[in-house]
Amino acid sequence: MKTDILIIGGGAAGLMAAYGAASTLRKAGSDASVTVLEKMPRPGRKIMITGKGRCNFTNVKDWNEFSAHIRTNPNFVKPAFFNLTPEKLTEFFSSVGMPSVVERGDRAYPASYHSTDVIDALVRACNGVGVKIETEAEVSGIVSISNHRIDISSADGRNWSCSRLIIATGGLSYPGTGSTGDGYRFASESGHTVTPLFPSLTALVPKGYKVVEENGRRSTHIDRSTPLTDLGEKLKGIQLKNVGVQLLIEGTVAESEFGDIDFTDGGIEGPVGFQLSRKAVKALINGSRVSLVLDLKQGVPLTELTTRVKELWSQIDKDPRSRGLREKEKCRILLGKLMPWELIPAFQAMHPEIITLERRGRKDTKVWVNLVSIAKALKEWRFDIEGYVGYERAVVTAGGVSTDDVVAKTLESRKVPGIYFCGEVLDIDCDTGGYNLHCAFATGLLAGQSAAKSIL
């Protein structure tokens, strides 16, 4: 089977690469062919689950703000970004029948909030410029590279020959969508450097959150399906807004963020949890001690909060409705004035120091509520991190084909002319909020256009 430009992978980067290549060829009056090989029964499987099925496909910040959310070598992404800015991307989707809306945090979504509309728009765009999309076409490997011809083999026994090859196979996250790391193998076998891979934008699992068996050396990867402990059940489903979170590595603050976190069946997630997960996972893999410290009252100094806690306690103690209540019951009322009601059981379980029992005799026990300890715990709720959820539910893969091996302005390999890389297979990963998907679209378009221009 022959084609001029062959793209391995029919995800966000691959489909945009195909459109970029075919539209460039068509504008130049060329009849060169573009083919996409996608291993799954339909393209864009991972796009379907992006943004919880709503597909946050870009973030409309300008470069200065956008680039601050790229975790690896933003300058490498810069040519692709300016070739396809967020404004240009939303205009592109609008031109192929998919209007968009922008929400809090400059996040853009399809107006329908259906991720399938993004896939349908990309496929329509590709069909409109003559791209051939082959599904259930799994590539086995690169057979040979010589004289501007690249031959590959597929699992169904077919061989493909092309003059330009674009590798857009994605990473390792959500392997059920087809992202099984094939591109890393193709890159390595063709002489490229693949930097160490690890899950990013994933759940961090606190100690005592899941039922983890003690069996020798413990892996820091804790599968999401691992059952929750009683503490995990107490926390699961709780969302905290506007909290400060510090990431501690070996007891030293490595990063600080402010925003929202979610406690899920995986562990600590949400925008801030994901943001901190990259450094946390890397540190855990390297054997370092990792903790998250939550500040539930970020805008209030400890001394001021302590005074406020004491004032609230005094009010509760003097309230006629408190007459006859035990100290523990009054403590629960106090906590209800300081945090969401559903958070109290877990807070109490993790901070036994807020209640002290004083034995005055065999039958005389006094219960003390430690108000200073409550204030301190609100400001410094520490979660020692035991592990992380792996690729089975990580949003993206950190690491990948080294950007040192790729020309930023064209995305062509420096080592093997005629091979291009785009999307998550590259060593590019970003924060949550539309940044990763935009980088996939932008690098895909530039790789496709570059491959097409090279054969004109």
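Please keep in mind throughout that the model is predicted.

I begin with two helices. Helix α4 spans residues 74-83 and helix α14 spans residues 435-455; their axes lie 8 Å apart and meet at an angle of about 85 degrees. Angles of 65 to 115 degrees count as roughly perpendicular, which means that α4 is roughly perpendicular to α14. On the α4 side, the contact is formed by Val77, Pro79, Ala80, Phe81 and Asn83. On the α14 side, the contributors are His438, Cys439, Ala442, Thr443, Leu445, Leu446 and Gln449. Sorted by class, this contact of α4 with α14 contains eight nonpolar residues, four polar residues and no charged residues.

In soluble globular proteins, nonpolar side chains tend to be buried together. In this model, the largest nonpolar core comprises 79 residues, and those with the most contacts inside it are Phe93, Ile152, Leu165 and Phe441. Which helix supplies the largest share of this core? That is α14, with eleven residues. A further core lies apart from this one; it has 54 residues, including Ile222, Val290, Ile316 and Ile344.

Let us consider Ile152 and then Ser153. Setting aside residues up to four places away in sequence, Ile152 touches a series of residues, among them Leu6, Ile8, Leu37, Trp160 and Leu165. Val139, Gly141, Val143, Arg158 and Asn159 are also among the residues that Ile152 touches. Ser153 belongs to strand β8, residues 149-154. Is Ser153 buried or exposed? Its relative accessibility is 18%, and the cut-off for buried is under 20%, so Ser153 counts as buried. With neighbours within four places in sequence left aside, Ser153 is in contact with Val139, Ser140, Gly141, Val143, Arg158 and Asn159.

My last topic is the aromatic residues. A search of the whole structure returns 13 aromatic pairs. In the pair formed by Phe81 and Phe82, the ring centres are 5.4 Å apart and the planes stand at 85 degrees, so this pair is edge-to-face. Phe81, which takes part in the contact of α4 with α14, is buried at a relative accessible area of 3%. Phe82, by contrast, is partly exposed, with a relative accessible area of 43%. Finally, Tyr19, Phe57, Phe92, Phe93 and Phe441 form one aromatic cluster.

Technical notes
Residues are numbered from 1 along each chain as its sequence is written. This is a predicted model: local features need pLDDT of at least 70, side-chain atom pairs count only at pLDDT 80 or more; totals for chains, interfaces and linings use all residues. Side-chain values use heavy atoms; hydrogens and water are left out. Axes are lines fitted to C-alpha atoms, for helices over the stretch in contact, and angles run from 0 to 180 degrees between N-to-C directions. Helices (H or I, at least four residues) and strands (E, at least two) are DSSP runs, numbered from the N terminus. Angles under 35 degrees count as roughly parallel, over 145 as roughly antiparallel, 65 to 115 as roughly perpendicular and the rest as oblique. Contact means heavy atoms within 4.5 Å. Ala, Val, Leu, Ile, Met, Phe, Trp, Tyr, Cys and Pro count as nonpolar, Asp, Glu, Lys and Arg as charged, and the others, Gly among them, as polar. A nonpolar core is a set of buried Ala, Val, Leu, Ile, Met, Phe, Trp, Tyr and Cys residues joined through side-chain atoms within 4.5 Å. Buried means under 20% relative accessible area, exposed over 50%, partly exposed in between (1.4 Å probe, protein chains only). Rings of Phe, Tyr and Trp (its six-membered ring) pair if their centres lie within 6.5 Å; planes under 30 degrees apart count as stacked, over 60 as edge-to-face and the rest as tilted.
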